[in-house]
Amino acid sequence: MEQTFADLCRERAGGGRGDLAFILWIFTDTFAGIIRERATDLARLTMARNATTVFRIVKCLALAIGGLMVAGIATVMVLARGTGEDITGVVAPALLLTLLSAVAAVVAAILQGASDRRRRG
């Protein structure tokens, strides 16, 4: 691994790019590899007999995250009331995460139902 990393450093340095670009490239490539690996593990797990349990856990976690985001948004709105503070930068990402959590919960519920029907039939 050390030799491969050294070769990559030498190759990228020869292209005239800065160190920051190389660091970002390494970070992105490593992050993508981790995501691919975890997605493969999750796919294997969901194909197992306990897929219903996995989907139930994902659904509950998504609902919990969505609930926490709603509570956080309400808290920020109450605390900022009357202060004139611009809370858009906090509320907008929280709303997006809430929406994504709801979508994940719905998808997990649908997959959980399909997995239950497959297991029974």
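## Close-up views of helices α3 and α4

**View 1. Helix α4 packs against helix α3.** The buried residues of α4 pack against α3, residues 51-80. The model shown is predicted. The two helices meet at an angle of about 160 degrees. Their axes lie 8 Å apart. Angles over 145 degrees count as roughly antiparallel, and α3 and α4 are therefore roughly antiparallel to each other. The crossing of α3 past α4 is left-handed. In the contact of α3 with α4, 20 residues are nonpolar, six are polar and four are charged.

**View 2. Helix α4 from end to end.** α4 covers residues 88-120, 33 residues in total. At 1.5 Å a residue, this helix should span 48 Å. Its end C-alpha atoms are 48 Å apart, which agrees with that expectation. The buried residues of α4 are Val91, Ala94, Thr98, Ser101, Ala105, Ala108, Gln112, Gly113 and Ser115. An α-helix has 3.6 residues a turn, so residues three or four places apart point the same way.

**View 3. Ser101 on helix α4.** Ser101 sits in helix α4. Is this residue buried or exposed? Ser101 has a relative accessibility of 6%. The cut-off for buried is under 20%, so Ser101 counts as buried. Which residues does Ser101 touch, leaving aside its neighbours within four places in sequence? Ser101 is in contact with Ala62, Ile65 and Gly66. Ala62 and Gly66 are among the buried residues of α3.

View 4. α3 has 30 residues. From its first C-alpha to its last, α3 reaches 43 Å. That is close to the 44 Å expected at 1.5 Å a residue. The buried residues of α3 are Ala51, Thr52, Val54, Phe55, Ala62, Gly66, Ile73 and Ala80. Just after α3 comes Gly82, with a positive phi of about 80 degrees.

**View 5. Gly67 of α3 and Thr98 of α4.** Gly67 belongs to helix α3. Its relative accessible area is 40%, so Gly67 is partly exposed. Thr98 is one of the buried residues of α4. In sequence, Gly67 and Thr98 are 31 residues apart. In space, they are 7.7 Å apart, C-alpha to C-alpha.

Conventions. Residues are numbered from 1 along each chain as its sequence is written. This is a predicted model: local features need pLDDT of at least 70, side-chain atom pairs count only at pLDDT 80 or more; totals for chains, interfaces and linings use all residues. Side-chain values use heavy atoms; hydrogens and water are left out. Helices (H or I, at least four residues) and strands (E, at least two) are DSSP runs, numbered from the N terminus. The expected span of a helix is 1.5 Å times one less than its number of residues. Buried means under 20% relative accessible area, exposed over 50%, partly exposed in between (1.4 Å probe, protein chains only). Contact means heavy atoms within 4.5 Å. Axes are lines fitted to C-alpha atoms, for helices over the stretch in contact, and angles run from 0 to 180 degrees between N-to-C directions. Angles under 35 degrees count as roughly parallel, over 145 as roughly antiparallel, 65 to 115 as roughly perpendicular and the rest as oblique. A crossing is left-handed if the near helix is turned anticlockwise from the far one by less than a right angle, and right-handed if clockwise. Ala, Val, Leu, Ile, Met, Phe, Trp, Tyr, Cys and Pro count as nonpolar, Asp, Glu, Lys and Arg as charged, and the others, Gly among them, as polar.
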